[in-house]
Amino acid sequence: MPSIISISGVTKTYATGFKALKEINLDIERGEIFALLGPNGAGKTTLISIVCGIVNRSSGTVTVDGYDIGRDYRAARSLIGLVPQELTIDAFETVWATVSYSRGLFGKPANPAFVEKVLRDLSLWDKKDAKAITLSGGMKRRLMIAKALSHEPRVLFLDEPTAGVDVELRQDMWAMVRRLREDGVTIILTTHYIEEAEAMADRVGVINRGEIVLVEDKAELMRTLGRKRLLLELRSPLATIPETFSRYALELSPDGDRLTYTYDNQSERPGVASLLRDLETAGIQFRDIDTQNSSLEEIFVNLVRKDA
Amino acid sequence: MNLRAVWAIYKMEMARAFRTVLQSIVSPVISTSLYFVVFGSAIGSRITEIDGISYGAFIVPGLIMLSLLTQSISNASFAIYFPKFVGSIYELLSAPVSYLEIIIAYVGGAATKSIILGLIILATASLFVPLTIEHPFWMLSFLVLTSVTFSLFGFIIGIWAKSFEQLQLVPLLIITPLTFLGGSFYSIDMLPGIWRTVTLFNPVLYLVSGFRWSFYGKSDVSIGISLGMTVVFLLICIAIVAWIFRTGYRLRN
């Protein structure tokens with residue numbers, strides 16, 4: 001099945017001469033949750049804004065379900081729902097009015113039953129007559145999502161959806177995103193919370209300085225780029241790591257009772273067995289042993305650093 | 001044509017006007033009444049009539065124009081500037097709406113408010129002075145044409161403005177002086193020669209003069225020129241808006 005969003009050769013240079021995007025090529029698969037990671041100013045929001053029609057691109061083409069965002073902008077945009085990063089709502093409108101407005105703006109006929117469902121799903125129903133200005137930050141965030149879902153989009157962009165959101169609401173949002181995916185909605189989210197991408201995404205894209213530096217299946221990414229750590233709880237603390245262990249990437253905890261060995265789990269010879277042998281030879285005993293996979297966050301930081 | 005979007009924006013704009021009824025309707029009515037008290041009574045007692053029209057009645061078309069121009073500009077400029085300012089413009093820009101639809105909805109909303117306001121001021125004026133409308137069709141045509149033209153002008157200002165100060169700049173420094181100097185409160189025949197010529201360069205003169213003609217059949221300049229100038233200004237505004245939307249000026253850049 002062809003991808004639902006196809007971005008090809010997209011660049012953006014602002015009037016100031018700043019190159020926000022350099023030749024972006026990216027395909028988003030139908031029905032997936034795609035996490036776009038990148039440091040501040042990497043070009044995440046610019047890329048989303050171009051796909052959604054908010055910012056003009058300097059060159060390149062973008063299609064949404066086969067519709068060109070320039071030539072067939074009506075068909076393309078009506079498929080997309082966008083939840084921007086900033087909480088930008090007309091403060092003096094009621095929840096009901098602003099969500100109904102969004103639906104109308106996207107050319108859908110009035111459907112009070114559907115709007116009610118969206119508001120109920122987002123726990124906003126009892127606030128339907130409240131003005132946006134009276135809502136808490138978390139509720140405003142949900143209202144932004146309700147507006148984006150009001151016209152039944154097939155693609156949903158969530159730009160930093162859980163920034164400044166409490167733990168409970170974050171869990172609710174993750175659950176909502178999974179429900180939407182089950183309904184066949186494609187979700188593209190940008191986030192600073194790596195654990196969010198790690199928990200939610202099917203695929204991960206990393207953007208840095210206006211370039212896509214990596215697009216990978218998340219599990220595959222964790223496997224290929226993942227580093228593993230071996231944690232050894234020592235019986236008696238060490239003052240320093242003995243010289244003979246200099247060939248191992250070892251770290252000693254400040255209190256001297258834990259050794260951490262970081263290794264590449266894809267390597268033919270990860271060195272775990274020889275380390276354990278050498279420790280025994282040196283008479284360093286341990287009372288517990290554990291291994292940990294490195295997180296997406298470390299992978300991300302390494303990628304961005306390497307690129308810098 | 002995404003008529004549902006046009007209707008959604010228009011409805012939202014009208015709802016905003018009714019929500020701020022004090023600012024949009026009551027305040028212009030009060031200021032118009034004050035003009036009547038000050039200009040109509042104080043000056044009117046000295047200038048009894050102009051071109052055979054009582055001074056109080058003479059200033060009515062000018063007063064309506066004054067409100068029409070300032071309110072059309074302020075309504076339309078605020079309507080598009082505010083979403084830009086708070087950031088909610090993202091939704092409009094990401095929606096499947098054409099520029100033409102955006103214009104029809106916003107300018108339509110602002111012009112409707114101005115027309116309603118013009119009619120309210122007309123009704124208020126009729127309480128103070130006896131009014132005659134010789135050419136009701138042309139009176140309404142000028143009312144609609146002026147409201148639409150200046151709402152379009154306001155829309156341009158709203159897109160251009162980067163701050164609330166800039167938003168107020170054009171209405172305050174250009175429109176209000178032009179209206180006061182455009183023959184709202186006097187006939188240009190009353191001015192000395194050089195100032196009469198200078199006034200002919202003031203576009204508002206043609207609006208006020210044409211509008212007054214539709215009431216009393218008398219005008220400072222010919223009705224054809226008045227109508228022509230209004231249409232020319234409308235076309236200039238349309239050309240600017242077309243350019244803004246073609247280039248994405250201060251919207252999509």
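**Figure 1. A helical span of chain B, residues 21-43, in a predicted model.** Residues 21-43 of chain B are 100% helix and 0% strand. The unreviewed UniProt entry annotates residues 21-43 of chain B as a "transmembrane region". The same annotation also covers residues 55-82, 140-161, 167-186, 198-215 and 221-245 of chain B.

**Figure 2. The span of residues 221-245 in chain B.** Here the chain is 92% helix and 0% strand. The end C-alpha atoms of residues 221-245 lie 35 Å apart. This span, too, carries the UniProt annotation "transmembrane region".

**Figure 3. The largest nonpolar core and F155(B).** This core holds 68 residues, and the members that touch the most others are Y106(B), V107(B) and F155(B). Helix α3 (residues 55-86) of chain B supplies the largest share of the core, with 17 residues. Leaving aside residues up to four places away in sequence, F155(B) touches A76(B), S77(B), I80(B), I103(B), Y106(B), V107(B) and V241(B).

**Figure 4. The contact between chain B and chain A.** Chain B contributes 21 residues to the contact and chain A contributes 27 residues. On the side of chain B that touches chain A, the elements giving two or more residues are α1 (3-19) and α4 (89-94) of chain B. Of the elements on this side, α1(B) gives the most, with seven residues. By residue type, the side of chain B that touches chain A comprises eleven nonpolar, six polar and four charged residues.

Methods
Residues numbered from 1 in each chain as written. Chains lettered and ligands numbered in written order. Predicted model: local features only at pLDDT ≥ 70, side-chain atom pairs only at ≥ 80, totals over all residues. UniProt positions renumbered as here; feature names shortened; annotations may be inferred. Helix = DSSP H or I, 4+ residues; strand = E, 2+ residues; numbered from the N terminus. Core = buried A, V, L, I, M, F, W, Y, C linked by C-beta atoms within 7 Å. Buried ≥ 20, exposed ≤ 12 C-beta atoms within 10 Å, placed from the backbone. Contact = placed C-beta atoms within 7 Å. Nonpolar A, V, L, I, M, F, W, Y, C, P; charged D, E, K, R; others polar.
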